[in-house]
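Please view the sequence and the model together before reading on.

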Amino acid sequence: MEKETETINIGATEASVFLPVSEDDNGNEVKVCTFSPPTSTEHPYKTYKMVEEVPEADRKGDDDDLESTSAKCACRNYFGIFWTLGSGFIFTVAGVIVKYMKNYHPLTLAAFRFQGVLLPALILAFYSHYKKKQVVFGTIWPLTDKEKLRRVLFICVRGVLGSSALILLFYSIQTLSLADALVISSCRPVFVTFIAYLWLGESCGIFPVFAALLTVVGVGVIARPPMLTGEDNFDTETLMGAGFAFVGMLTAAVSMVVLRYLRGVHVSMVTLTFGMWGTLISAIASAIIGRFDVPENAEHLVLALCLAATTFCAQVGITMAMKYEQAGAVAILRSCDSIYAFILQFLILGIVPDKFSLIGAALIISCVLMIAFRKWVSTLPEKHPARRRYWFVLK
């Protein structure tokens with residue numbers, strides 16, 4: 001019998017078959033065709049046997065898609081580190097601006113900076129809600145829901161602590177060098193690690209504790225205590241600046257742990273609340289002391305605007321970092337702020353770091369590499385050779 005051909009359509013795919021091939025026990029003609037997926041289907045008049053055969057080109061395309069997806073997932077594991085390092089650099093740039101505008105009161109500079117958080121966050125919140133149709137206000141409203149009411153309370157706590165820490169840091173920057181102020185602020189990993197362990201139940205193994213302690217050693221070397229420099233004691237201004245930085249560090253540590261708890265809240269709401277509380281506290285404090293400095297010229301006005309812009313970028317960065325990484329790891333990575341400070345001070349102010357700065361910087365960078373390495377090992381499969389070889393970093 002001469003072969004006949006017939007084209008059938010199933011779904012969005014066409015398949016050509018040859019008729020007839022054979023007959024089954026019931027006398028129905030059975031035809032073989034190349035088709036996907038592998039299943040049997042019934043023609044109105046005849047029974048067809050479908051056999052899947054995926055073209056080589058299609059298999060290659062699927063493999064490429066799988067590799068692309070795996071690469072994206074691998075990069076996603078390091079989003080927290082990337083956001084933290086970027087946020088730290090922007091934050092340091094803002095510190096340089098604060099140090100440069102030393103004739104302005106810290107409360108005034110803080111008010112400028114909080115506007116860079118409040119206004120863009122307000123725009124971002126409405127844009128995300130109405131344009132992108134994201135759940136923004138629904139994460140904290142209605143307040144009749146106990147969980148949402150708890151979130152609102154913690155958002156307010158985070159706003160008060162975060163804004164207070166920033167104001168105290170500005171005071172310390174104007175009484176100490178930028179690098180010294182940020183170095184003292186870098187002590188927060190120790191406190192964040194244990195607070196997160198007690199409150200959030202995050203892991204607090206030997207390796208993170210060792211890295212945190214090593215960070216503190218590096219901070220201590222950079223701070224140049226009298227027992228290393230041979231000086232008799234600190235002067236009053238240095239002591240006050242160190243006190244401001246230390247108290248600000250403590251409040252910032254608690255604020256970072258609260259941020260970790262607020263991962264389910266939209267980033268714009270967290271940032272907006274931070275700007276609102278910061279503006280309110282700065283306004284009240286400025287009214288009490290009776291001082292608020294207005295920019296004197298165009299240069300200072302531009303710097304004030306830059307201070308506001310860098311604040312918003314840094315704040316969004318640290319909020320996003322807490323969504324992808326544990327609070328302790330983020331705090332340790334933020335120790336890079338001091339490294340950035342030394343580099344920018346050298347490039348802009350011409351300050352050359354001494355041996356204490358170099359030794360402390362080496363210790364802090366070592367901690368950053370240790371945390372990054374631990375993160376990489378933790379993302380490997382359980383049976384991966386590298387994970388078995390470096391099992392101790394996960395302890």
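## Basis and confidence

The model is predicted, so local features need pLDDT of at least 70 and side-chain atom pairs count only at pLDDT 80 or more, while totals for chains, interfaces and linings use all residues. Residues are numbered from 1 along each chain as its sequence is written, and side-chain values use heavy atoms, with hydrogens and water left out.

The average pLDDT (the predictor's confidence in each residue, from 0 to 100) is 75 for the protein, and 75% of the residues score at least 70. Over residues 1–24 pLDDT stays under 50, and the model has 49 contacts beyond four places in sequence for them; a contact means heavy atoms within 4.5 Å. Residues 26–54 also stay under 50, with 56 such contacts. Where pLDDT is low, the predicted coordinates should not be read in detail.

## Nonpolar cores

A nonpolar core is a set of buried Ala, Val, Leu, Ile, Met, Phe, Trp, Tyr and Cys residues joined through side-chain atoms within 4.5 Å. Buried means under 20% relative accessible area, exposed over 50%, and partly exposed in between (1.4 Å probe, protein chains only).

The largest core has 38 residues, and Leu109, Phe170, Ile173 and Leu307 have the most contacts inside it. Several helices each supply at least two residues of this core, among them helix 2 (79–100), helix 7 (206–223) and helix 11 (298–324). Helix 3 gives the most, with 6 residues. Apart from this core lies another of 17 residues, including Ala125 and Ile318. Helices here are DSSP runs (H or I, at least four residues), numbered from the N terminus.

Beyond four places in sequence, leucine 307 is in contact with Ala94, Ile97, Val98, Leu109, Phe112 and Arg113.

## Helices 5 and 9

Helix 5 (residues 178–185) and helix 9 (residues 236–261) pack at an angle of about 35 degrees, their axes 8 Å apart. Axes are lines fitted to C-alpha atoms over the stretch in contact, and angles run from 0 to 180 degrees between N-to-C directions. Helix 5 contributes Ala181, Ile184 and Ser185 to the contact, and helix 9 contributes Ala242, Ala245, Phe246 and Met249.

## Two residues of helix 4

Arginine 158 lies in helix 4 and counts as buried, because its relative accessibility is 5%. Among the residues that arginine 158 touches are Ser255, Val258 and Gln315.

Leucine 149 lies in helix 4 (residues 146–175). Leucine 149 is partly exposed, because its relative accessible area is 35%.
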